[in-house]
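Morning, everyone. One structure today, and a quick walk through it. Here it is.

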Amino acid sequence: MKKYILVIAISIGCLPFLKAQDDGGNKRGEKIQALKIAFITQKLELTSEEAQKFWPVYGQYENELRAVLGDNSDVIDNEERILNIRKKYRPEFSKILGQSRMNKLFASEKEFRGILIQRLKNRNNQQRQTLRQP
């Protein structure tokens, strides 16, 4: 129970750092961000001390990634820039989390994206089926 309270408290406290820039303050973006924070916190089993160190660094990392993802230049160049950002933050994440949990962070990000995409697909399919019904 304490762990869930910690996750919620961290989620609320970190929203200003991790607010999705491309949604203009949209509540859906804030909700997704809060879910992501909770998901990653749970997957990494962050302590409150680790979370206090980790989330501000992660917020900077995400802001740099968003800048690249918002850039409509060459896809290969953008992928290289994303890789360089990950390499740049690797020592900081490793210092806070350790090597194995740092690797788990990147896997957790990918897993969260996959879950989010699947839920969006399911929601779209349900909406289509609702529209088709007489």
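Over which residues does pLDDT stay under 50, with six contacts beyond four places in sequence? That is residues 4–9. pLDDT is the predictor's confidence in each residue, from 0 to 100, and a contact means heavy atoms within 4.5 Å. Residues 11–23 also stay under 50, and there the model has 25 contacts beyond four places in sequence. Where pLDDT is low, the predicted coordinates should not be read in detail. For the protein, mean pLDDT is 84, and 80% of residues reach 70 or more.

Ground rules. This is a predicted model, with local features needing pLDDT of at least 70, side-chain atom pairs 80 or more, and totals for chains, interfaces and linings using all residues. Numbering runs from 1 along each chain as its sequence is written, and side-chain values use heavy atoms, without hydrogens or water.

Now the helices, which are DSSP runs of H or I, at least four residues, numbered from the N terminus. Take helix 2, residues 27–44, and helix 3, residues 48–69. Their axes come within 13 Å and cross at roughly 125°. Axes here are lines fitted to C-alpha atoms over the stretch in contact, with angles from 0 to 180 degrees between N-to-C directions. Helix 2 supplies Q33, K36, I37, I40, T41 and L44; helix 3 supplies F54, W55, Y58, E62 and R66.

Last, aromatics. Rings of Phe, Tyr and Trp (its six-membered ring) pair if their centres lie within 6.5 Å; planes under 30 degrees apart are stacked, over 60 edge-to-face, the rest tilted. The count is 12 pairs. Y61 and Y89 have ring centres 5.6 Å apart and planes at 70°, so they are edge-to-face. Y61 sits in helix 3 and Y89 in helix 4, residues 75–97, 28 residues apart.

How values were computed
Helix = DSSP H or I, 4+ residues; strand = E, 2+ residues; numbered from the N terminus.
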